[in-house]
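Welcome, and please have a look at the model below. The report that follows walks through a few helices, strands and ring contacts.

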Amino acid sequence: SWRSRGSSAVERAQQYTVGHKIHGFTVKEVTAVPDLFLTSVKLSHDATGAQYLHAARDDSNNLFSVQFRTTPMDSTGVPHILEHTVLCGSQRFPCRDPFFKMLNRSLSTFMNAFTASDYTMYPFSTQNAKDFQNLLSVYLDAVFFPCLRELDFCQEGWRLEHETPTDPSSRLMFKGVVIIADISDNESLYAQHLQNKLLPDHTYAVVSGGAPLDIPDLTWEQLKHFHATHYHPSNARFFTYGDLPLEQHLQQIEEEALSKFERTEPNTAVPPQTHWDKPRVDHVTCRPDALAPDPIKQNTLCMSYLLGDITDTFEAFTLSLLSSLMISGPNSPFYKALIEPEIGSDFSSSVGFDGSTRQASFTIGLQGMAEDDTEKVKHIIAQTIDDIVATGFEEEQIEALLHKIEIQMKHQSTSFGLALASYIASCWNHDGDPVQLLKISENVSRFRQCLKENPRYLQDKVQHYFKDNTHRLTLTMSPDERFLEKQAEAEEQKLQEKIKNLSDADHKDIYEKGLQLLAVQSTTQDASCLPALKVSDIEPIIPYTPVQLGTAGGVPVQCCEQPTNGMVYFRAMCNLNSLPEDLKIYVPLFCSVITKLGCGELDYRQQAQRIELKTGGMSVSPQIIPDTDQLDLYEQGIMLSSSCLERNLPDMFQLWSDIFNRLVFFQETEKEIFKSLCKCIDFILMHLHRPAGDLQRDGPGEIAELTDLTSVLRKLPRIKRHLLNPENMRCAVNATPQKMSDAAGEVERFMGNIAANRKERKPVRPTVVEVRPLDPQAGSSASRKLISEPHFKPCQMKTYFQLPFNVNFVSECVRTVPFSHADYASLCILAMIMTCKFLHGEIREKGGAYGGGARMGGGGLFSFYSYRDPNSTQTLSAFRGGVEWARAGKFTQQDIDEAKLSVFSAVDAPVAPSDKGHDILALLYIITIVHPFLG
């Protein structure tokens, strides 16, 4: 095995010394980062100067990433189109779209690429050592030695082509994945303008992803030149993470890529933005929002402030904390000043600290506001900044925020490597120290020391960066009824300008290239050049997660001992079988507000602060769990979820006890916060539950607009009595072995505290008839009650949601078989074969959509889908074509074997300690049903 045995990855990395030479690289720094249980090794490549960071950690989900500083000076979208085009084949792997084809030849847990404002990143992750080598070969060849064929540029970027490529008399139009797929919702449009106008001197003044009117100005030659100047090792930053040996990575990268290059001096650095001597004001327009609750309130206003250089990691850390204190949660000053008065629908999506550009920024403002409130909002922002300078923040607010950072450090996710790569990308991109970013505890200690030495430390920062800052942009946005019309006119004018300059030879060339591209897209590709795992490379047995089943106060409790790093995770499922039908429509609303109204002696502000100070979050969400044996059986209820540090166990369960026992729904102070929370889910409820387009007056779609909320408020205690009932509960706790007895004791006390809520209520429907054991193999009496729908008859339906986008999202589904059926696994394989061997070519390559395919769902639905799709009717035909293609058996045994790999990559995906044991039924079925395919 490639993975070393006998010592941990962290210990091995600590043996490197500064100056150590390894396969053309020199070690520059070795740093233990105990906060994150890793050791970082910083290196540079001797010949090219390529920078390299390795994070050694005992995590089998290993990650590789290479990023290039890409700083365009126009809005043709060259870095974005290049990102697409390098993935279309390379020297060693010349087949079309090797990245997509590797999905079926790999056990990758992640594969993708990203274009940011000033860098482009190519990451992948996998738990399999051989797979890591295979993917590394494909990635290295793609970015450093791509084919960059003209037809690939035309397919992915833009081209002039006849509407019907085989008909030269049909009209010419722009086509291409990038140029067509721009959805430009109003929030994204505003954020783009904000960046362009706040940082107008260099690359941030343009649209790195491409603007529709500028993309047609990009030429194939310019694309190749951009690659040659930006995708060079001297402009590259390599990052690896996990428990695989560093030497193997360095040797492969050196031999397959870097040894073929010499050092250059890339001219890609971003200079500092010139600081303005006075604030600026600007205005932009957008499309009207047909979904806006109030047509008058469609304006956005923000003030954005230019801050310091993100390579000053401690200052950026401080400003990020300061941003959270100013805007996060009901206790923050801007929430109180801007959200609670209901001037707008919410903060603008651009609000907060932004450290993605060389110089950070902070933005504050509202969306969904009336134009008449413009001056009022400006005054409130200025006044709130003055108030912060004068009074600062409460100590408990600061402690709650630092506690949140501690939780984030201790919580273990399955994609930690990817999160790390994204976290360091911007700072490292501008030659900041990525290792310094990882020393979170050091930054927290320094922050505490600054507060101790200067109690006005944060107030002084607000004075400097906000009150006295002349580099401030006030940007407003309002709807223009002719926005889309003007946009279409401008694009048509651009098209006609292109057509006007075409010669007869150009027209002939366009027609012939259209046919040529269609022929290439229709040709079956030989992917044999690509590396591939075999089914025999897969572990034939899924690791079993042991759990202990018991009870607390008569409630079933599952305990799962895991290395949770000092965290405790609690979940509880409460079924709603006894809930009257007329109340079910309010369950999503109940879930949204139940942890935000206040409880016990705490009002909603105090409760929010207590949750932040003592837990990693508390949430309630609706749950529908399909049965594994029958399609028309299911369990419905709500899921309670929370986590905390081990030392805060009693506090977390006290908060839950107060929510169960001491909720107060009718205090006047709660009504306004309740009303604002209603707005957040009005749209969803309105569209998911409206019968035949007709909504009753007191339906949830109009809650936020009601002047008297009493009728709605009275429903919530009724829902609570049915749902927060120990009679209907089962619980699960994940904790370390050392802390499990304490956790179990707290659950026992919690059940004792809420015992008064226990009441046996009869199901409201006689169809609650099926009782299933929680774990068929455990022999426990614990069970769950399922709802039967014996009279349900599926019928054909066609649904259309009109949304303000230029592209579509298309889906078609059919009921098939339940999870435990003998055909279920075969349908999973079939979905993957259809996606890779037929639908991808038809929907993405020919149709121009961003993506599409088929999938088999756990509830028995076989679904076809496409997204960001300019040709929805053509896609619906492709769905039907895929069925006919499969019925004709146009796939091989090799196709089946490859599809198995893709299915297994999902089955064998890593599971975080917090989530282990929470899908035990599915796990048992996967072992017995899916894995026989290994034979």
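A residue is called buried when its relative accessible area is under 20%, exposed when it is over 50%, and partly exposed in between, using a 1.4 Å probe and protein chains only. Helices (H or I, at least four residues) and strands (E, at least two) are DSSP runs, numbered from the N terminus.

## About the model

This is a predicted model, in which local features need pLDDT of at least 70 and side-chain atom pairs count only at pLDDT 80 or more, while totals for chains, interfaces and linings use all residues. Residues are numbered from 1 along each chain as its sequence is written, and side-chain values use heavy atoms, with hydrogens and water left out.

## Helix α14

Let us begin with α14, which covers residues 416-429. Its 14 residues reach 20 Å from the first C-alpha to the last, close to the 20 Å expected at 1.5 Å a residue; the expected span is 1.5 Å times one less than the number of residues. The helix bends by about 25 degrees at Y423, where the bend is the angle between axes fitted to the seven residues ending there and the seven starting there. After α14 comes D431, with a positive phi near 65 degrees.

Most of α14 is covered, with 11 of its 14 residues buried. Among them are F416, L418, I424 and W428. F416 also has a charged neighbour: the charged end of R57 sits over its ring, 4.1 Å from the centre. For this, NZ of Lys or CZ of Arg must be within 6 Å of the ring centre and within 35 degrees of the ring normal. The charged end of K224 likewise sits over the ring of W220, 3.6 Å from its centre.

Strand β8 spans residues 119-126, and eight of its eight residues are buried. Both faces are covered: Y119, M121, P123 and S125 lie on one side, and T120, Y122, F124 and T126 on the other.

Which strands pair with β8? Pairing here requires that DSSP finds at least two bridges between two strands. Strand β5 (residues 62-69) pairs with β8 in the antiparallel sense over eight bridges, and F68 has T120 as its bridge partner. Strand β6 (residues 108-111) is joined to β8 by three bridges, also antiparallel, with M111 opposite F124. β7 and β8 form a hairpin with three residues between them.

## Helix α26 and H722

Helix α26 is largely enclosed by the rest of the structure, because seven of its nine residues are buried. H722, found in this helix (residues 715-723), counts as buried at 13% relative accessibility. Leaving aside residues up to four places away in sequence, H722 touches N575, S578, L579, P580, N728 and R761, where contact means heavy atoms within 4.5 Å.

## Aromatic pairs

Rings of Phe, Tyr and Trp (its six-membered ring) pair if their centres lie within 6.5 Å; planes under 30 degrees apart count as stacked, over 60 as edge-to-face and the rest as tilted. By this rule there are 32 aromatic pairs. One of them, F570 with F750, is edge-to-face, at 6.0 Å centre to centre and 90 degrees between the planes. Because F570 lies in strand β20 (residues 567-575) and F750 in helix α27 (residues 740-753), the pair ties together parts that are 180 residues apart in sequence. F570 is buried, with a relative accessible area of 1%, and F750 is buried, also at 1%.

The rings of F862 and F864 have centres 5.4 Å apart and planes at 65 degrees, so this pair is edge-to-face. F862 counts as buried at 5% relative accessibility, and F864 at 7%.
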